[in-house]
Amino acid sequence: MRASCWRDAALFLALGLFGLPFVAAGQDQRAAKPRSAVLEKQKTPVPEKPTPIRIIWVGDIVMETAWRQPPAAPQSLFGGVRKRLMEADLVIANLEGPLTDSPEMTPYKSRADLDTGKDVVLRTTSPEAAQALFDGGIRVVGLANNHTMDYVERGLRDTMRGLRKAGVLYAGAGENLKAAEAPRIVKIKGQRIGIISFSDVVPKYSWALADKPGIATAKEAERVVAAVRRARPSVDLLVMVFHWGVQFDREASARQIFLAQEAQRAGADVVLGAHPHVLQGVGCLERVPVVYSAGNFAFPTSSLPTRRTALFEFEYSSGKPLSLRLVPVMIDARGAPQLADGATSEEILSGMSELSLPLGFHLDGDSGSCSDAPPAPAQSVEDHQPH
């Protein structure tokens, strides 16, 4: 027998003994692959369904006032809504006033306005205040508003220090202009959520400068646009928080609509508002929902319109328009929010539906979205300058 034949025979025996497939000389090597390997290669990986992220926006938080003494203990204020807030992935609120025991009140507010009640100076002195926010489920607060600097720079620094210690994040104020305008970015379920906070209600000398602590001001809309554009590449969802509008007005002003459009066009995914102390409607700027005013939240107030409020629950899934659910809330005599039911809940939802429809948002019961909203109309800049 020729040597080549002996080699082929030996190879055949060896492959058979070790259970290996035999491939004749010149045969296509791909045919030798096990069938299981071929099937494995043909399988198409099924992408995991993204887990929705639930974000709640609530309005103004004021835990102590001169007109309601003695104040309720901060830890007692959130019991009626704590469970609902803790179920969310992220809760954002407007913190109206510093957390400080500093005696140095701002000298820059109008004495005539303070004497007539047109303006007030606010602070919360309780050392439990920041921890009460965290224990109540609130994770981020906007500080860009007209009361954060009521106790000047020390009041702001005390506030930031107390929030950091309690684990509550903040946006809209800082040691300088860059810090005040910077986004607060949190990562939730693999998604980066950015929060920017600007105020269009700006007391004298409360704004941050390059080397001075203070708040982020929206008086120059270009700064809002620039801040949104800077943040956009770093986040998956961008939340714009404004302190704006006219106190106790139920309808959004032209200035509010203008600023919302500027933020939306620059890249914001949702716009949230506070300051009027009453609920205003929800609007749509294309697929971007706008809460023009969430009203009060934890706030010692007595008039019915200022006691009616809501939790604004957004559900976010990557690539899909935000959906919104309203959870009606009534503020009790202590200034503590309580989930509303029955006729009160229906009245709040009915009122919000009426206010929202002209703004392009249809509330179906307690829910809606801006998925089918028409393009946002153009606005004239000249007609919407700050006053």
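A pocket, as I use the word here, is an open set of grid points with protein on both sides within 12 Å along at least five of seven lines, and its lining residues have an atom within 4 Å of a point. The model I am looking at is predicted.

**Entry 1: the largest pocket**

I started with the largest pocket and asked which residues lie nearest its centre. I found Lys118, Asn146, Val201, Gln247 and His275 there, out of a lining of 35 residues. The space in this pocket comes to about 850 Å³. I sorted the lining by class and got twelve nonpolar, 14 polar and nine charged residues.

**Entry 2: the second largest pocket**

Next I looked up the second largest pocket, which holds about 290 Å³. Its lining has 15 residues, and Leu99, Ser126, Pro127, Asp158 and Gly162 are the ones nearest the centre. Two elements give two or more residues each to this lining: helix H5 (129-135) and helix H6 (152-166). Which of the elements gives the most? H6 does, with five residues. By class I noted five nonpolar, six polar and four charged residues in the lining.

**Entry 3: helix H6**

For burial I wrote down Val152, Gly155, Leu156, Asp158, Thr159, Met160, Leu163 and Ala166. Asp158 is on this list of buried residues, and Asp158 is also among those nearest the centre of the second largest pocket. What covers the buried residues of H6? I found that the cover includes H5, strand S2 (90-95), strand S3 (140-142), strand S4 (169-171), strand S5 (173-174) and S8. Just after the helix, glycine 167 has a positive phi of about 90°.

**Entry 4: the cavity**

I then asked how many cavities of 30 Å³ or more the structure holds. There is one, and the volume of the largest cavity is about 50 Å³. I listed its lining as Ile55, Leu237, Val239, Val270, Leu272, Phe314 and Leu322. By class that makes seven nonpolar residues, with no polar and no charged ones. Strand S9 (237-243) and strand S10 (270-274) each supply at least two of the lining residues.

**Entry 5: helix H11**

I moved on to helix H11, residues 342-356. Its 15 residues reach 21 Å from the first C-alpha to the last, close to the 21 Å expected at 1.5 Å a residue. Buried or exposed, where do its residues fall? I have Ser345, Ile348, Leu349, Met352, Leu355 and Ser356 as buried. Looking down the axis of H11, I see these buried residues within an arc of 130°, so they line one face of the helix. On the face turned away from the buried side I noted the exposed residues Glu346 and Glu354. The cover over the buried residues of H11 includes strand S11 (282-285), strand S14 (308-316) and strand S15 (323-331).

I found a cis peptide bond between glutamine 69 and proline 70, with omega about -10°. Proline 70 sits in the loop between strand S1 (53-61) and helix H3 (82-86).

Tyrosine 205 has a positive phi, near 65°. I placed tyrosine 205 in the loop between strand S7 (191-199) and strand S8 (214-215). Its relative accessibility is 46%, so I count tyrosine 205 as partly exposed.

Glutamate 286 also has a positive phi, near 55°. Where is glutamate 286? It is in the loop between S11 and strand S12 (288-291). With a relative accessible area of 36%, glutamate 286 is partly exposed.

**Entry 6: the whole chain**

Last, I took down the overall figures. The secondary structure comes to eleven helices and 17 strands. The chain has 387 residues, and 49% of them count as buried. Among contacts with a separation of 6 or more, 72% are between residues 24 or more positions apart.

Terms used
Residues are numbered from 1 along each chain as its sequence is written. This is a predicted model: local features need pLDDT of at least 70, side-chain atom pairs count only at pLDDT 80 or more; totals for chains, interfaces and linings use all residues. Side-chain values use heavy atoms; hydrogens and water are left out. On a 1 Å grid over the protein atoms alone, a cavity is a set of points where a 1.4 Å probe fits but cannot get out, and a pocket is an open set with protein on both sides within 12 Å along at least five of seven lines; lining residues have an atom within 4 Å of a point. Grid points are joined across faces, edges and corners, and a volume is the space filled by probe spheres set on the points. Helices (H or I, at least four residues) and strands (E, at least two) are DSSP runs, numbered from the N terminus. Ala, Val, Leu, Ile, Met, Phe, Trp, Tyr, Cys and Pro count as nonpolar, Asp, Glu, Lys and Arg as charged, and the others, Gly among them, as polar. The expected span of a helix is 1.5 Å times one less than its number of residues. Buried means under 20% relative accessible area, exposed over 50%, partly exposed in between (1.4 Å probe, protein chains only). The arc is that of the directions from the helix axis to the C-beta atoms. Contact means heavy atoms within 4.5 Å.
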